[in-house]
Amino acid sequence: MNEDESCCGTKSSQSCYESDCCQPSSSTSIEDVVRESYGKRWASLKATKSAQAKSRASMKFPPHDALWKELMPREGMRVLDIGSGSGETVLAIAEKVGSTGKAVGIDFSPEGIKLAQENAKKRGLESIAEFRQAHALELPFPDNSFDAAISECVVCLIQDKQKALNEKVRVLKPGGRVIMHDVITWAPMPKAMREDKGLYCGCIGGAVSLDEYVEMMKKAGLTNIKTVDFTKNAKRMMNLEAVAQKFEQRKATSAQEVVDFVRKGGIGYALLIGTKKQA
Ligand SMILES: C[S@@+](CC[C@H](N)C(=O)[O-])C[C@H]1O[C@@H](n2cnc3c(N)ncnc32)[C@H](O)[C@@H]1O
């Protein structure tokens with residue numbers, strides 16, 4: 001994923017909002033819309049053992065690179081990736097943690113899990129990299145199982161963010177770390193934007209502020225909280241100008257509010273890190 005691509009991997013000419021992966025269907029709940037949309041996206045991709053896919057860790061996506069440096073996956077580590085998608089990050093981690101460690105990905109899209117498992121097989125990593133279909137709010141693991149729980153542009157898609165963070169912390173060993181990057185807001189988001197299913201699914205509509213994230217992380221039992229701001233990259237990563245233009249065409253007062261919010265820097269991106277307290 002390079003910097004011209006958005007968090008959900010669309011082409012540089014498209015925003016998440018415009019891409020096929022984020023078009024709302026007739027599904028009623030927002031969660032169904034998210035599952036279906038990403039399902040379609042993962043089903044359209046083919047498993048690969050190409051060098052490009054294999055070396056995602058060295059690709060130019062600044063928040064991912066920063067997450068990787070924080071994580072420093074090494075021999076014997078147990079790492080969980082929540083919302084693992086096509087599984088590229090989990091596979092890169094599996095190569096580092098080796099046979100004494102474990103890299104586990106969960107995703108609620110069955111198509112994502114199938115693709116990730118095929119990718120693992122093609123690269124001979126099935127014994128280290130495990131993929132399970134599961135919901136981020138009900139992780140199928142006992143307490144204190146992992147050294148790190150990561151997520152990349154996923155918590156913005158989950159409505160009950162506090163519960164998602166509580167679950168991450170529950171499965172971490174004491175001293176283990178949550179490392180995640182996600183879309184954030186720098187001002188209250190206009191209602192028209194919050195209610196747009198396409199924008200929600202495109203990682204934007206469900207975003208909350210950095211302060212709200214930090215507060216939820218503290219409530220979940222994390223300490224040593226650190227944040228790194230990637231807002232300067234957000235405009236290109238998410239093609240925010242395309243989002244603004246789309247609303248501009250609607251010419252309604254509420255649409256203008258959205259355009260102003262987006263153009264004045266209401267949307268940002270950040271890496272967030274926290275450590276589970278020692279017992
Ligand atoms: C924007 S994609 C990111 C995929 C991957 N982390 C990456 O960086 O390429 C979001 C992923 O999170 C998954 N997801 C969203 N909400 C979820 C939930 N509540 N439980 C499990 N997976 C979820 C989606 O199915 C999708 O695969």
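Reader: Which residue stands opposite Ile273 in β8?
Author: In this predicted model, Lys226 is the residue opposite Ile273 in β8. Residues are numbered from 1 along each chain as its sequence is written. As the model is predicted, local features need pLDDT of at least 70 and side-chain atom pairs 80 or more, while totals for chains, interfaces and linings use all residues.

Reader: In what sense do β7 and β8 pair?
Author: Strand β7, residues 222–229, pairs with β8 in the antiparallel sense, over six bridges. Strands are DSSP E runs of at least two residues, helices H or I runs of at least four, numbered from the N terminus; pairing requires at least two DSSP bridges.

Reader: And how many bridges join β5 to β8?
Author: Nine bridges join strand β5, residues 172–185, to β8, and these two strands also run antiparallel. Within that pairing, Ile184 has Gly268 of β8 as its bridge partner.

Reader: How many residues of β8 are buried?
Author: Strand β8 spans residues 267–276, and ten of its ten residues are buried (20 or more other C-beta atoms, placed from the backbone, within 10 Å of a residue's own). One side carries Ile267, Tyr269, Leu271, Ile273 and Thr275, and the other carries Gly268, Ala270, Leu272, Gly274 and Lys276. Both faces are covered.

Reader: Turning to Lys102, is that residue buried or exposed?
Author: Lys102 is buried, because 22 other C-beta atoms lie within 10 Å. Lys102 belongs to strand β2, residues 102–107.

Reader: What separates the C-alpha atoms of Lys102 and Gly76?
Author: A distance of 7.2 Å separates them, although Lys102 and Gly76 are 26 residues apart along the chain.

Reader: On to the helices. How do α11 and α12 cross?
Author: The axes (lines fitted to C-alpha atoms over the stretch in contact) of α11, residues 240–248, and α12, residues 253–263, come within 8 Å and cross at roughly 165 degrees. The two helices are therefore roughly antiparallel, a class for angles over 145 degrees.

Reader: What about α1 and α5?
Author: Helix α5 covers residues 110–122, and its axis comes within 7 Å of that of α1, with a crossing at roughly 30 degrees. Helices α1 and α5 are therefore roughly parallel, the term for angles under 35 degrees.

Reader: Last topic: which helix gives the most to the shell around the ligand?
Author: Helix α1, residues 30–43, gives the most, with three residues.

Reader: Which residues come nearest to the ligand?
Author: Of the 20 residues around the ligand, the nearest are Gly83, Gly85, Phe108, Ala136 and Glu152. To be counted as near, a residue needs its C-beta atom, placed from the backbone, within 6 Å.

Note on methods:
A residue is buried if 20 or more other C-beta atoms lie within 10 Å of its own, exposed if 12 or fewer, and partly exposed in between; C-beta atoms are placed from the backbone. Axes are lines fitted to C-alpha atoms, for helices over the stretch in contact, and angles run from 0 to 180 degrees between N-to-C directions. Angles under 35 degrees count as roughly parallel, over 145 as roughly antiparallel, 65 to 115 as roughly perpendicular and the rest as oblique.
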